[in-house]
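Please examine the sequence and the structure shown below before reading on.

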Amino acid sequence: PMDRTVKLYIGGKQARPDSGYSLAVRAADGRVLGEAPLGNRKDIRNAVEAARKAEAWGKVPAHHRAQVLYYVAENLSERGEEITARLSAVVGKKQAEMEVRLGIERIFSYAAWADKFDGAVHNPPFRNAALAMKEPVGTVGILCPADAPLLGFLSLVMPAICVGNTVIAIPSGKYPLITGDLYQVFDTSDLPGGVVNMVTGRPAELLKTLAEHDDVDAIWSFTDEASAAAAKTLSIGNLKQVFTNEGRAIDWFDAKQGEGRWFLDHAVQIKNIWVPYGE
C-alpha cells in the first residue's frame with residue numbers, strides 16, 4: 001500500500017509541521033507503521049490562534065452542535081473497519097474493535113448531552129431569581145492518554161466541544177497516526193475549522209508550551225503523574241483552569257469512569273444572573 005503522509009490539523013486544514021521533522025511510529029512488534037509530524041511551539045501557537053478564531057462555535061445553538069456530533073459518529077462508523085485495522089497493529093485487534101465501538105457510543109452520548117446539560121434557576125433569600133447559566137470555558141488544551149489512542153481522545157475532546165469549547169489536542173504519544181483518520185472524519189462532518197486542532201509530537205514538550213500560553217483558558221492532562229504536576233506548575237502564569245487525573249489510572253472502557261458529568265462539569269463555567277422582580 002501507498003505510504004500516508006499524516007499532517008497536523010490546524011484551523012480545519014492539514015498542515016505540515018513548522019520543524020519539517022517527523023517521528024517514527026512503531027507497531028507492537030517493533031515494525032515501523034509510519035511517521036507522525038513533530039510539532040513544536042510555532043505549531044501550538046498557530047493552533048491556539050485557530051481555536052480563538054473559531055469561538056463562534058460556543059454561540060451556536062446546542063441542538064446544532066448535537067447534530068454535528070451525531071454526524072461525526074456516523075462518519076466514524078462508516079470508516080470503522082478501516083480504522084480498526086490500522087489501530088490493531090498497535091493495541092491488538094480486540095482492543096481496537098472495542099475502541100471504535102465505544103468511541104462511536106461516546107460521541108453519541110455527548111451529542112445527546114449537548115442540548116440537555118443546561119443551567120438552573122435558584123431562589124435566593126431576596127426578592128429576585130438567580131439564573132445559573134452554563135457557558136463554555138473557552139479554549140482548552142488537552143493532553144490525551146497514550147494507551148487508548150482513539151477512545152481516550154474522543155472521551156476528552158467530545159465533552160469539551162459538545163458544550164461549545166474549542167480544543168487543541170495532543171494525541172496519544174503511542175499512536176499519533178490516529179490523527180490522520182480523525183481529521184478526515186471531522187472534515188466530512190460539518191465541524192467548523194478550528195473547533196478541534198491536533199498537534200502531534202513529544203507530549204511533554206507540547207504540554208509546556210500549551211500550559212504557558214496566556215491565550216489558553218484551561219488544560220486537561222490525562223497521561224501520567226509527572227504531566228499532571230507539570231500542567232499545574234506551568235499554568236500559574238495566567239491561572240488557567242487545570243483538570244487532570246492526578247496520575248490515577250482511568251479505565252476508558254468503563255462508561256462510569258470514562259464519560260459523564262465529571263468531564264462536562266469541567267468543560268463549563270457558571271455565570272449567575274440576578275433578576276429582581278416585584279409582587
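The following text considers helix packing, individual residues, cysteines and loops in turn.

The model under discussion is a predicted one. Helix H3 covers residues 80-91 and helix H4 covers residues 93-113; their axes are 7 Å apart and form an angle of about 135°. Angles over 145 degrees count as roughly antiparallel and those from 65 to 115 as roughly perpendicular; H3 and H4 are therefore oblique to each other. Their crossing is right-handed. On the H3 side, the contact is made by Gly-80, Ile-83, Thr-84, Leu-87, Ser-88 and Val-91, which meet Lys-93, Gln-95, Ala-96, Glu-97, Glu-99 and Val-100 of H4.

A second pair of helices is H7, residues 203-212, and H8. Helix H8 spans 225-234. The axes of H7 and H8 come within 8 Å and cross at roughly 30°. Because angles under 35 degrees count as roughly parallel, H7 is described as roughly parallel to H8. The crossing of H7 and H8 is right-handed. In this contact, Leu-207, Lys-208, Ala-211 and Glu-212 of H7 meet Ser-227, Ala-230, Ala-231 and Leu-234 of H8. The residues of the contact of H7 with H8 divide into five nonpolar, one polar and two charged.

Attention may now turn to individual residues. Val-157 belongs to helix H5, which runs over residues 149-162. Its relative accessible area is 0%, so Val-157 is buried. Apart from residues up to four places away in sequence, Val-157 touches Ile-142, Val-167, Ala-169 and Val-196. Between Val-157 and Tyr-175 there are 17 Å from C-alpha to C-alpha, and the two lie 18 residues apart in sequence.

Is Asn-128 buried or exposed? Its relative accessibility is 13%, and because buried means under 20%, Asn-128 counts as buried. When neighbours within four places in sequence are left aside, Asn-128 is in contact with Asn-123, Trp-274, Val-275, Pro-276 and Tyr-277.

The cysteines come next. A disulfide is a covalent bond between the sulfur atoms of two cysteines. How many disulfides does a search of the whole structure find? The search finds zero. For Cys-144, the closest cysteine sulfur is that of Cys-162, and because the distance is 16 Å, the two are too far for a bond. Cys-144 is buried, with a relative accessible area of 2%, and Cys-162 is buried as well, with a value of 0%.

Asp-190 is found in the loop between helix H6 (178-187) and strand E9 (196-198). Its phi is near 65°, a positive value in a residue other than glycine. At 57% relative accessibility, Asp-190 counts as exposed. Leu-239 lies in the loop between helix H8 and strand E11 (241-244). Phi of Leu-239 is near 55°, which is again a positive value in a residue other than glycine. With a relative accessibility of 72%, Leu-239 counts as exposed.

Notes:
Residues are numbered from 1 along each chain as its sequence is written. This is a predicted model: local features need pLDDT of at least 70, side-chain atom pairs count only at pLDDT 80 or more; totals for chains, interfaces and linings use all residues. Side-chain values use heavy atoms; hydrogens and water are left out. Buried means under 20% relative accessible area, exposed over 50%, partly exposed in between (1.4 Å probe, protein chains only). Contact means heavy atoms within 4.5 Å. Axes are lines fitted to C-alpha atoms, for helices over the stretch in contact, and angles run from 0 to 180 degrees between N-to-C directions. Helices (H or I, at least four residues) and strands (E, at least two) are DSSP runs, numbered from the N terminus. A crossing is left-handed if the near helix is turned anticlockwise from the far one by less than a right angle, and right-handed if clockwise. A disulfide is a pair of cysteine sulfur atoms within 2.5 Å. Ala, Val, Leu, Ile, Met, Phe, Trp, Tyr, Cys and Pro count as nonpolar, Asp, Glu, Lys and Arg as charged, and the others, Gly among them, as polar.
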